[in-house]
Amino acid sequence: MDATTVSTTDDIWSPSWDDPFEPTTDRDDEFAELTDALRAVQEAVTRSRPTPDAAGRTARTLRDLAARLAAFEVGEDEQISGRRWDLAGRGQTLTPALHLDEVTDNRARGRVLVGRFHSGRYAMNGGVTPLIFDEILARLANSCGRPWARTAYLHVNYRAPAPLDVELRVEAEFAGQDGRKRFMRGAMHHGDVLVADVEGLWIELKPEQTQNVSLAVGRGAEENS
Ligand SMILES: CCCCCCCCCCCCCC(=O)SCCNC(=O)CCNC(=O)[C@H](O)C(C)(C)COP(=O)(O)OP(=O)(O)OC[C@H]1O[C@@H](n2cnc3c(N)ncnc32)[C@H](O)[C@@H]1OP(=O)(O)O
């Protein structure tokens, strides 16, 4: 698609390159489709160099879409985004969509593919690595009915540049518990190459710290793909 010809929503949603973010979700699942489309927009904006005219028209279209969705605004406890535990990415687009293949009481495994939107320059941005680790370690730390815990720290070691547009494997391990403290470990690989590893601490919340935690809609990988 020629950027100068952008004029309709359909044009904007249809990238001209070989799209690594083709929707993988059921077409009857409209919110999942919406999240997929938003990821496609993030990637398209990042990859494009539109003319000022095309950029302006696209911006107006996006603002129009935001205004239309504002009519459906709800409080954080009622929103769908981030709470779709059955979807890779949980229906949010801050973190690259993590496909969880397994979450047991002491291990989690997943896959992630990162595009140019999350690039630091020909490799994954260093701030994105902790996002992905936080996601998988948090899911494991809070799996199997354990009381809710929050991240106290994440210590990330960057071992090699993480390539874009290819599948990365992410693993997490429940390394031990000491009272309210849950010690977690994780690693990210591209093929045989160790890209990054992490140590994290999760602290079980005291009752007075759980008041805003209303996520009781499933938290493991049971329905994730
Ligand atoms: C909420 C659950 C969401 C889950 C969603 C699932 C998946 C979603 C995926 C999305 C994922 C999103 C996930 C997110 O993004 S979670 C959001 C990011 N995290 C936060 O916002 C947490 C902010 N911090 C706090 O709320 C408090 O500091 C917490 C609750 C963590 C502890 O404050 P609290 O007052 O309760 O603790 P304590 O002082 O009694 O200390 C207790 C013990 O812990 C030790 N200690 C404490 N801190 C540290 C530290 N930094 N290094 C080393 N040690 C530390 C301390 O020495 C003591 O040890 P000991 O003396 O007993 O030996």
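**Close-up 1. The shell around the ligand in the predicted model.** Helix α4 and strands β3 and β6 each supply at least two residues of the shell around the ligand, where helices (H or I, at least four residues) and strands (E, at least two) are DSSP runs numbered from the N terminus. In total, 21 residues surround the ligand, and the closest are A138, R150, T151, A152 and I203; a residue is counted as near if its C-beta atom, placed from the backbone, lies within 6 Å of the molecule. By class, this shell has nine nonpolar, four polar and eight charged residues, with Ala, Val, Leu, Ile, Met, Phe, Trp, Tyr, Cys and Pro taken as nonpolar, Asp, Glu, Lys and Arg as charged, and the others, Gly among them, as polar. The model is a predicted one, in which local features need pLDDT of at least 70 and side-chain atom pairs count only at pLDDT 80 or more, whereas totals for chains, interfaces and linings use all residues. Residues are numbered from 1 along each chain as its sequence is written.

Close-up 2. From its first C-alpha to its last, α4 reaches 20 Å, close to the 20 Å expected at 1.5 Å a residue, the expected span being 1.5 Å times one less than the number of residues.

**Close-up 3. The largest nonpolar core.** Of the 30 residues in this core, L98, I136, L137 and L140 touch the most other members; such a core is a set of buried Ala, Val, Leu, Ile, Met, Phe, Trp, Tyr and Cys residues joined through C-beta atoms within 7 Å. Two or more residues come from each of β1 (98-103), β2 (107-113), α4 (128-141), β4 (167-178), β5 (181-190) and β6 (193-204), and α4 gives the most, with seven residues. Leaving aside its neighbours within four places in sequence, I136 is in contact (C-beta atoms, placed from the backbone, within 7 Å) with L98, A108, G110, V170, A172 and G186.

**Close-up 4. Where the two domains touch.** The domain assignment gives domain 1 (3-70) and domain 2 (98-209), and six residues of domain 1 are in contact with five residues of domain 2.

Technical notes:
Buried ≥ 20, exposed ≤ 12 C-beta atoms within 10 Å, placed from the backbone. Domains from an automatic or database assignment.
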